Amino acid sequence: MRQRDDLLRQLLLAFVLSQAILWAGVSGYMLLEDYTFFQALYMTVISITTTGYGEVFGLSRPGRIFTMVLLSVSVGVFFYIATTFVQALMAGQIREYLGRRRVESRIRRLKDHVILCGFGRIGRAVAEDLKEEGVPFVIVEKDPEALKDAEGTDYLFVEGDATEDETLKRAGIERARALVAAVGSDADNLFITLSARHLNPHIFIITRAESPGAERNLLAAGSNRVVSPYLMGAQRIANALIRPHVVDFIDLAVQKRHLQLRMEEVKVEDDRLFSGRPLKESGLREKFGAIVVAVRKATGEAFYNPSPEMVIEKGDVLIVLGEREGLQELERAVKFSEVQ
């Protein structure tokens with residue numbers, strides 16, 4: 001980002017200087033020699049380009065002095081412009097700038113994506129999972145070392161401070177469906193949450209918490225979920241000791257490398273598959289091999305191990321267990337109405 005800004009400033013300065021010389025030359029010849037605009041422009045162009053046609057319209061002594069000054073200054077400016085372009089090419093700045101322009105263009109086209117704030121150990125793990133699941137996302141990071149790691153991947157990223165509104169806007173906060181605040185400071189995560197909720201009141205926010213007491217403040221700031229990696233790690237260690245088979249089953253169901261069994265959540269956007277019938281008559285197990293573990297109704301009420309008599313309605317979310325292919329067919333059925 002800094003290299004790009006430096007290149008832009010250098011190119012802008014070179015353009016301004018070249019234009020200043022051009023119009024200073026035109027003005028000088030018109031004042032000193034009483035040339036017309038075209039004559040002054042012609043003399044300026046052949047002078048600053050050192051074409052060497054001579055005094056086409058004739059020059060007075062002040063005009064010749066002015067021409068010498070104009071030539072000296074223009075040679076210096078063009079030498080600066082040439083040096084700037086050579087340095088930019090040798091350093092790869094133009095290539096980097098064009099690459100960043102392409103990345104920014106891709107980010108502007110994103111919609112319903114996830115913004116991942118922080119590319120540390122937690123952020124890298126989240127990014128890998130999002131990529132495997134095919135979820136579009138943008139990384140926001142300000143640490144130069146972390147950015148080098150992001151640049152070595154094909155991830156989309158924005159360099160900047162995620163606590164600043166302008167940085168989140170560059171990441172497409174208004175169009176995003178979710179944000180993960182995973183930087184290493186509770187204070188920064190709190191500011192990110194406040195900014196994100198202000199810029200997009202409907203966005204789903206998951207926030208990382210470092211200290212045990214941070215959860216309440218983060219929820220009050222607008223976070224939908226607060227996750228403490230250290231607390232979760234401790235709970236997993238304890239569960240692995242006390243109930244190892246349960247932990248193995250959960251790993252089998254939720255980790256992507258185990259393709260034979262998955263646990264997924266499926267939102268019912270089209271309820272024609274159910275048509276007001278109870279779960280036992282929906283044929284989910286026969287058609288898709290899916291077991292309904294829980295149901296979250298559109299009202300927000302949750303039912304675990306739901307009754308076979310429960311009626312599934314539009315807007316409900318099903319927590320289902322089954323093979324990957326069958327769950328994918330079920331998701332298509334309730335989303336795109338492929339099942340008649």
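**Close-up views of a predicted model**

**View 1. The buried side of helix α6.** In helix α6, which spans residues 144–151, the buried residues are Ala146, Leu147 and Ala150. Because these residues cover an arc of only 100° around the axis, they lie on the same side of α6. An α-helix has 3.6 residues a turn, so residues three or four places apart point the same way. The buried residues of α6 pack against α5 (121–132), β2 (137–141) and β3 (156–159), while the face turned away from this buried side carries the exposed residues Glu145 and Lys148. The structure shown here is a predicted model.

**View 2. A salt bridge between Glu309 and Lys280.** The side chains of Glu309 and Lys280 meet in a salt bridge, with a distance of 2.5 Å from N to O. This pair links distant parts of the chain, 29 residues apart, since Glu309 is in the loop between β9 (302–304) and β10 (317–322) and Lys280 is in the loop between β7 (262–267) and α12 (284–288). Glu309 counts as partly exposed because its relative accessibility is 47%, whereas Lys280, at 51%, counts as exposed.

**View 3. A network of salt bridges around Lys297.** Lys297, Glu313 and Asp316 are linked in a network of salt bridges. In the salt bridge of Lys297 with Glu313, the closest N and O atoms are 3.6 Å apart; Lys297 lies in the loop between β8 (291–296) and β9 and Glu313 in the loop between β9 and β10, so the pair ties together parts that are 16 residues apart in sequence. The side chains of Lys297 and Asp316 also meet in a salt bridge, at 2.8 Å from N to O. Both Lys297 and Asp316 are buried, whereas Glu313, with a relative accessible area of 42%, is partly exposed.

Definitions and conventions. Residues are numbered from 1 along each chain as its sequence is written. This is a predicted model: local features need pLDDT of at least 70, side-chain atom pairs count only at pLDDT 80 or more; totals for chains, interfaces and linings use all residues. Side-chain values use heavy atoms; hydrogens and water are left out. Buried means under 20% relative accessible area, exposed over 50%, partly exposed in between (1.4 Å probe, protein chains only). Helices (H or I, at least four residues) and strands (E, at least two) are DSSP runs, numbered from the N terminus. The arc is that of the directions from the helix axis to the C-beta atoms. Contact means heavy atoms within 4.5 Å. A salt bridge is a side-chain nitrogen of Lys or Arg within 4 Å of a carboxyl oxygen of Asp or Glu.
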